[in-house]
Amino acid sequence: MPVDATQPYDDQNIFARILRGELPCTKVYEDEWAFAFNDINPQAPVHILVVPRGPYVSWDDFTEKAGDAEISGFIRAVGKIARDQGLVAPGYRLIANTGFHSHQEIPHFHVHICAGKQMGRMIPE
Ligand code: 5GP
């Protein structure tokens, strides 16, 4: 069920539990600002989820409330992960679903890094 991006943060959401080590994941990267792991239901040969360590429901919540160091640290981490995975030359797609119409399912802000195949136009004509 898609979530409302304006809802209060629920610290029992799946990604909060992964961050706390309460649920397993296949970790790809971590640093002070970001934690990354493989999507459990990949939509492309490479499908990595990157989450900030802080408690933000969505892109909207993150960009409104996170500090500058947190935002820049997180965005730099997303870029570094893509570089480290060798995705820059073949290319990759970033997705940050936000709220009901985007079909955001997990109410902890995350960026999808999708790559490894030709994905075509973002929104089919
Ligand atoms: P959203 O629709 O919120 O942008 O994307 C949520 C993503 O989280 C989906 O691609 C889904 O496959 C992934 N996901 C849901 N539950 C889990 C889980 O327990 N572990 C991992 N690694 N990914 C999950």
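Contact here means heavy atoms within 4.5 Å.

1. **Basis.** This is a predicted model, where local features need pLDDT of at least 70, side-chain atom pairs count only at pLDDT 80 or more, and totals for chains, interfaces and linings use all residues. Residues are numbered from 1 along each chain as its sequence is written, and side-chain values use heavy atoms, with hydrogens and water left out.

2. **Fold.** The protein chain has three helices and five strands. Both are DSSP runs numbered from the N terminus: helices are H or I with at least four residues, strands are E with at least two. Along the sequence the order is α-β-β-β-α-α-β-β.

3. **Overall dimensions.** The radius of gyration of the protein chain is 14 Å, which agrees with the value near 14 Å for a compact globule of 125 residues. That radius is taken over C-alpha atoms, and the globule rule is 2.2 Å times the number of residues to the power 0.38. Along the principal axes, the C-alpha atoms fill a box of roughly 35 × 35 × 30 Å.

4. **Surface and burial.** The accessible surface of the protein chain is about 7500 Å², and carbon and sulfur atoms hold 53% of it. Areas come from the Shrake-Rupley method with a 1.4 Å probe; for residues, only the protein chains shown count as cover. Of the 125 residues, 39% count as buried. Buried means under 20% relative accessible area, exposed over 50%, and partly exposed in between (1.4 Å probe, protein chains only).

5. **Contact range.** Take contacts between residues at least 6 apart in sequence. Of these, 57% join residues at least 24 apart.

6. **H47.** This residue sits in strand β3 (residues 46-52). H47 counts as buried because its relative accessibility is 5%. Its side chain makes a polar contact of 2.8 Å with the side chain of H112. A polar contact is a pair of N or O atoms within 3.5 Å; within protein, one must be able to donate a hydrogen and the other to accept it, and residues adjacent in sequence count only if both atoms are side-chain atoms. Leaving out residues up to four places away in sequence, H47 touches F37, N38, D39, N41, P42, H112, I113 and C114.

7. **Ligand site.** There are 16 residues around the ligand, and D39, N97, E105, H110 and H112 come nearest. A residue is near if one of its heavy atoms lies within 4 Å. For H103 the distance is 3.1 Å, to a ligand oxygen. For E105 it is 2.7 Å, again to a ligand oxygen. The protein covers 84% of the 530 Å² of accessible area that the ligand has on its own.

8. **H103 backbone.** H103 is in the loop between β4 and β5 (111-115). It has a positive phi of about 70°, although it is not a glycine. Most residues other than glycine have a negative phi. At 45% relative accessibility, H103 counts as partly exposed.

9. **H108.** The loop between β4 and β5 also holds H108. H108 is buried, with a relative accessible area of 0%. A polar atom of its side chain lies 2.9 Å from the backbone oxygen of P52. Beyond four places in sequence, its contacts include Y9, F15, L19, V51, P52 and Y56.

10. **Aromatics.** The structure holds seven aromatic pairs. One of them, Y56 with F62, is edge-to-face, at 5.3 Å centre to centre and 75° between the planes. Rings of Phe, Tyr and Trp (its six-membered ring) pair if their centres lie within 6.5 Å; planes under 30 degrees apart count as stacked, over 60 as edge-to-face and the rest as tilted. Y56 is buried at 9% relative accessible area, and F62 is buried at 1%. Y56, W59, F62, F74 and F109 form one aromatic cluster.

11. **Y92.** Strand β4 (residues 92-95) contains Y92. Y92 is partly exposed, with a relative accessible area of 33%. Y92 and R20 are 72 residues apart in sequence and 28 Å apart in space, C-alpha to C-alpha.
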